[in-house]
Amino acid sequence: MTDTHYDVIIVGAGHNGLICASYLAKAGRKVLVLEANNHTGGAAATHEFSPGFKVSSCAQWLTQLSPGICSDLSLKKHGLEYAAQNLSTIALDNNTKHLTIKGDKVSGLGLSDKDQWAYKTFYKRMLKFAKVMDIAFNQRPAKLVESDFSDKLNLMKLGFNVKMLGKEDMQQLLRIILINIFDILEEEFDHPLLKAALSMDAVLGSQMGPRSPNTVFGYLYRHLGQYYGFIGPSLVKGGMGALGDVLAEAAIKSGVEIRTHSAVRKINLNAGKVESVELKNSDEKLYARTIVSNVDPKRTIEKLVGYRNVETGVVRNVHNIRSNGCAAKLHLALTGLPDFSGVEPTELGNRLLLAPTMHHIERAFNHSKYGEFSEAPVLDISIPTVHDKSLAQKGTHVLSAIVQFAPYNLKEGWTDKSKKTFENLCIDVIEQYAPNIRELIKDSELLTPVDIEQ
């Protein structure tokens with residue numbers, strides 16, 4: 001058995017792990033990143049799901065990449081390119097009375113002046129709240145049980161910035177931050193499609209419906225990018241995998257060593273402190289005084305560290321984390337551009353939402369509580385090939401959709417039969433808005449929460 005020593009070992013080469021590695025290397029640390037897969041980037045990945053058709057495997061929109069990180073890591077110099085930036089969100093209506101949202105503007109048939117004005121006010125207020133969230137995210141979380149002066153100072157800074165919102169906005173933030181998005185949007189707006197579109201951003205990717213607590217926090221987190229200047233979603237040229245490649249390139253240039261095909265089996269402790277990691281496919285033991293995990297907390301503590309090595313309170317807190325995925329990904333290889341009723345072909349490269357009302361979204365969520373997939377799912381659709389021709393053969397297109405709600409623990413299990421049934425349900429929903437979609441489908445792929453995890 002050979003021993004190798006580093007200052008820091010990072011488990012997992014997801015986008016957060018790679019960014020962390022770059023900053024540590026720039027600070028003079030000897031850093032090693034270990035990745036189980038054959039590629040870096042984690043959720044920022046691109047794969048070919050059908051010959052000649054590539055798609056962003058998991059994440060499909062870039063909405064909140066910090067400009068500070070872009071600058072510090074010189075991501076544009078390392079090859080970050082956008083196929084399209086600041087796209088609109090088009091909430092589709094069955095009667096073609098669609099709404100278009102971009103920045104602080106919303107337009108569409110049947111939308112009142114009152115709702116347009118209310119949305120401007122709502123957007124401005126949420127931008128203020130996102131600024132406070134950014135300040136909180138850019139400092140180390142305070143350890144409330146310790147009497148550390150820097151922690152107290154960070155809390156004072158956060159409190160000061162909340163107070164600087166002004167009395168009315170401060171009271172509003174404290175009132176809404178932990179409640180549900182449904183009640184807030186009911187207070188603010190009349191148009192059901194507008195409320196549905198905004199509530200989608202509060203629940204997307206989670207096992208929550210609009211009436212679930214903490215969905216206002218989810219909305220604010222998703223819209224943190226607006227504070228960074230992303231007034232709409234953006235598409236990375238080459239798919240999200242290109243972002244993973246750029247982050248890996250930036251890390252390597254900073255002096256980071258990255259090993260793929262290197263799954264970590266165990267994190268070893270000595271006298272309560274991390275000491276080394278062991279790999280699944282090697283006898284080599286890798287030593288470091290600091291080990292950073294880019295793996296989820298439950299797997300890190302339970303599988304890699306081991307519950308017996310941590311305090312009972314920590315075990316309880318980690319065990320109680322609810323992190324079951326409830327979103328699937330549908331990928332369609334299309335022989336041509338689909339015809340969405342009431343949407344001009346030039347507009348099809350924007351974000352398309354199929355979610356008619358908040359009540360519809362909540363009903364779709366209800367199924368997941370009982371281990372069932374939704375019989376009328378809601379979809380967040382991208383047709384990236386409108387902007388990026390490199391993802392498909394000439395004249396053809398790719399459609400990618402985030403689908404809610406598909407529970408991780410499906411009662412009947414995610415078999416080939418259940419996957420095909422759910423896939424057909426999703427296509428049925430798209431067909432309500434794009435009647436010619438089925439005749440264009442050359443190939444398809446459905447990734448369940450289990451597939452995405454794997």
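This briefing walks through selected features of the structure above, topic by topic.

The model is predicted: local features need pLDDT of at least 70, side-chain atom pairs count only at pLDDT 80 or more, and totals for chains, interfaces and linings use all residues. Residues are numbered from 1 along each chain as its sequence is written, and side-chain values use heavy atoms, with hydrogens and water left out. Helices (H or I, at least four residues) and strands (E, at least two) are DSSP runs, numbered from the N terminus.

**The open sheet**

- Strands of a sheet pair through backbone hydrogen bonds, either parallel or antiparallel.
- Two strands count as paired if DSSP finds at least two bridges between them.
- Eight strands form an open sheet here, and the pairing is mixed.
- Their order is S8-S7-S6-S15-S16-S17-S14-S18.
- Strand S8 (105–108) and strand S18 (441–447) are the edge strands, each pairing on one side only.
- From one strand to the next, the twist averages 20 degrees.
- Inside the sheet, strand S15 (residues 351–354) and strand S16 (residues 378–382) run antiparallel, joined by three bridges.
- Leu353 has Asp380 in S16 as its bridge partner.
- Helix H3 packs on the sheet and touches strand S7 (99–102) and S8. Contact means heavy atoms within 4.5 Å.
- The direction of H3 makes about 155 degrees with that of S8.

- Two packed helices are described by the angle between their axes and the distance between the axes.
- Axes are lines fitted to C-alpha atoms, for helices over the stretch in contact, and angles run from 0 to 180 degrees between N-to-C directions.
- Helix H3 (residues 113–137) packs with helix H8 (residues 215–222) at an angle of about 85 degrees, and their axes are 9 Å apart.
- That makes H3 roughly perpendicular to H8. The classes are: under 35 degrees roughly parallel, over 145 roughly antiparallel, 65 to 115 roughly perpendicular, and the rest oblique.
- H3 brings Phe122, Met126, Phe129, Ala130, Met133 and Phe137 to the contact. H8 brings Phe217, Tyr219, Leu220 and Tyr221.
- These contact residues divide into 10 nonpolar, no polar and no charged. Ala, Val, Leu, Ile, Met, Phe, Trp, Tyr, Cys and Pro count as nonpolar, Asp, Glu, Lys and Arg as charged, and the others, Gly among them, as polar.

**A hairpin**

- Strand S3 (residues 46–50) and strand S4 (residues 53–56) pair in the antiparallel sense over four bridges.
- Ser50 stands opposite Phe53 in S4.
- The two strands, S3 and S4, form a hairpin with two residues between them.
- In the turn, Gly52 has a positive phi of about 85 degrees.

**Cysteines**

- How many disulfides does the rule find? The count comes to zero. A disulfide is a pair of cysteine sulfur atoms within 2.5 Å.
- Cys58 is in no disulfide, and the nearest cysteine sulfur, that of Cys326, is 14 Å away.
- Cys58 is partly exposed, at 27% relative accessible area. Buried means under 20% relative accessible area, exposed over 50%, and partly exposed in between (1.4 Å probe, protein chains only).
- The sulfur of Cys426 is 12 Å from the closest cysteine sulfur, in Cys326, which is too far for a bond.
- Cys426 counts as buried, at 0% relative accessibility.

**Residues in loops**

- Gln139 sits in the loop between H3 and helix H4 (149–163). Is Gln139 buried or exposed? Gln139 counts as buried, with 17% relative accessibility.
- Gln139 and Asn320 are 181 residues apart in sequence, and their C-alpha atoms are 26 Å apart in space.
- Ser212 lies in the loop between helix H7 (192–203) and H8. Ser212 is buried, with a relative accessible area of 10%.
- Leaving aside neighbours within four places in sequence, Ser212 is in contact with Ile179, Asn180 and Phe365.

**Backbone exceptions**

- Most residues other than glycine have a negative phi, and most peptide bonds are trans.
- Ser74, in the loop between helix H2 (67–72) and strand S5 (82–84), has a positive phi near 50 degrees. Ser74 is partly exposed, at 31% relative accessible area.
- Asn86, in the loop between S5 and strand S6 (89–91), has a positive phi near 50 degrees. Asn86 is partly exposed, at 21%.
- The peptide bond from Gln404 to Phe405 is cis, with omega near 10 degrees. Phe405 is in the loop between strand S17 (397–404) and helix H14 (416–433).
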